[in-house]
Amino acid sequence: MNIPNDLLYTNEHEWIRVNGEQAYLGITDFAQHHLGDIVFVELPEPDTEISVGESIAVVESVKAVSSVYSPVTGMVTENNEELENSPELLNEDPYANHIAVISISNPDELNSLMSPEAYAAFCAQQEQEEEI
Amino acid sequence: MKYTPNSPAVVKEMLDEAGFSSLDELFTDIPDTIKLKRELNLGPGRSEMEVGRELKTLAARNLNTDDYPCFLGAGAYDHYIPAALDQMLLRSEFYTAYTPYQAEISQGILQSIFEYQSMICLLTGMDVANASMYDGASALAEACALACANAKGEKVLLPDTVHPEYLQVLKTYAISGRMEIVTVPSRQGVCDQEQMLALIDQDTAAVVIQQPNFFGNLEQAPSLAEAVHQNKGYLIMAVDPISLAILKPPAEWGADLVVGEGQALGNSLSFGGPYLGFFAATKKFLRKIPGRIVGQTTDLEGKRAFVLTLQAREQHIRREKASSNICSNQALNALAATIYLTLAGKAGLQAIATRCHQLAVYAAGELEKAGLKLKYEEPFFREFAVLLDDPAGANRRLLKNGIIGGYELKDAMLLAFTEKRSKAEIDRLIAVLGGKA
């Protein structure tokens, strides 16, 4: 399971890359692996205000449809339009292909996200629960 | 179809098996206060011949549009239905009660729905249309629910020129839905654009415009689309499909969702139904629109084939997030519309629409010559309101003269003119209304 060191993570298996006031948002390797082949991504519209915990995108795979939740409050500044025609990019490299960019309005919210180590432990625990 | 009730012996056997001594015991859960405590008053049995005769006698008391010229519109219109249409509808491949469950096995039905959708897109100028909904009113309510589910706000603004029955259905949806309905008083029988613009804000999910509106008038509110879009809401238009042959398509208005009553396209009046609602949208809503969509693809051998596709997944696997629970369509009625549009063709539909408008214009002129006044001074398509002191009395006089009159407003009557009306029929109508017959 690939969990890059320079990102923050949520327990809904989203990653976030903070770059100043901008946050790049995507889904993790764990998420894409469990979803299977992704066939459609519903992207948020730019200039949409979004609150922490709100559904920001929908990822549809051959197995399931899942909401992607925003880990921060802010404004969607861009979406990754490439995913419209090539949703499989999320399978191929989930960390090189973000879903949206959010301008963060409350940086304190980042404190409640998981570090790579904490997320690795969280995934391990989930895998274990699955095996049981 | 025969109805064969259970014989007393069978009823007793079933009760014994279920452990009840009587039917009353079986129904103890139903409160006594609402039970009918007597036998149904059905009378003695009669033969098929006797019953048939009685029903025919009763039916003969109906006034029908074959024998009486009809000027009643208000949402359902007495257009001509070509004989070929009924004949094709009766084909047993289509004349089944319901859409097949193994949809892809019925390529013919899927193709007919695909063609219906394509024609609705051509008429409205929109990117995508579904396979139809129950009627114009439910299609509008579904469009509002969809807009509310996809916008930040939940306010739906509409002028009171929208069909009152559509408004009622909308209000019913709003009881349980995430939707707040705000009706805005009209001015001179059309939408008051200034007042609407003042009310559009960030809580506005949708603005609804009906074209032509309930009073037959043509709405001219060109600034609404831009204003509602600036607030991230949607413009919904409820349109008359025949009028689209000669009016600007809703797509050019900037509409996001376009719905309407499809009855006028080859479906008989039938005392109010079954009809069909059409539903079209911009590409953005492709995966969100309720009901079903038929798509075209190629099969393993590379041949043209049709599939049920792109249905709103929320209706099946994320139901808690769905904006609609309608997964069906009005296939036979939509087929009638498809055959109608195919038979008429583009030029034919334009000719029908133009004829309706010309007759309405002729009638308006003749009414004014007869000393009557139109209620509004707005342009209209095939229907308008004429001022009358006693519309109900006027309708009674018309009926006595063998004419089905119009829709009664408080101080006026809505009169509709289809291509079926002749000059002579209109002259007779005006003679009666003008007190000269």
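What radius of gyration does chain A have, and what would a compact globule with 132 residues have? Keep that in mind as you look around this predicted model.

**Stop one: chain A.** Select chain A and colour it by secondary structure. Trace the chain along its sequence and the order reads β-β-β-α-β-β-β-β-β-α-α-β-α. Now for the opening question: chain A has a radius of gyration of 14 Å, which agrees with the value near 14 Å for a compact globule of 132 residues. Its C-alpha atoms fill a box of roughly 40 × 35 × 20 Å along the principal axes. Of the 132 residues in chain A, 36% count as buried. If you display contacts with a separation of 6 or more, 63% of them in chain A join residues 24 or more positions apart.

**Stop two: α3 of chain B.** Move to chain B and select residues 48-60, which form helix α3. From first C-alpha to last, these 13 residues reach 18 Å, close to the 18 Å expected at 1.5 Å a residue. The number of buried residues in α3(B) is 0, so this helix lies largely in the open.

**Stop three: a helix pair in chain B.** Select residues 107-124 (α5) together with residues 331-369 (α11) of chain B; their axes come within 9 Å and cross at roughly 60°. That makes α5(B) oblique to α11(B). The crossing is left-handed. To see where the two meet, show side chains: on α5(B), the residues include Ile109(B), Ile113(B), Tyr116(B) and Met119(B). Facing them on α11(B), look for residues including Ala331(B), Leu335(B), Thr338(B) and Leu341(B).

How values were computed. Residues are numbered from 1 along each chain as its sequence is written. Chains are lettered from A and ligands numbered from 1 in the order in which they are written. This is a predicted model: local features need pLDDT of at least 70, side-chain atom pairs count only at pLDDT 80 or more; totals for chains, interfaces and linings use all residues. Helices (H or I, at least four residues) and strands (E, at least two) are DSSP runs, numbered from the N terminus. The expected span of a helix is 1.5 Å times one less than its number of residues. A residue is buried if 20 or more other C-beta atoms lie within 10 Å of its own, exposed if 12 or fewer, and partly exposed in between; C-beta atoms are placed from the backbone. The radius of gyration is taken over C-alpha atoms; the globule rule is 2.2 Å times the number of residues to the power 0.38. Two residues are in contact if their C-beta atoms, placed from the backbone, lie within 7 Å. Axes are lines fitted to C-alpha atoms, for helices over the stretch in contact, and angles run from 0 to 180 degrees between N-to-C directions. Angles under 35 degrees count as roughly parallel, over 145 as roughly antiparallel, 65 to 115 as roughly perpendicular and the rest as oblique. A crossing is left-handed if the near helix is turned anticlockwise from the far one by less than a right angle, and right-handed if clockwise.
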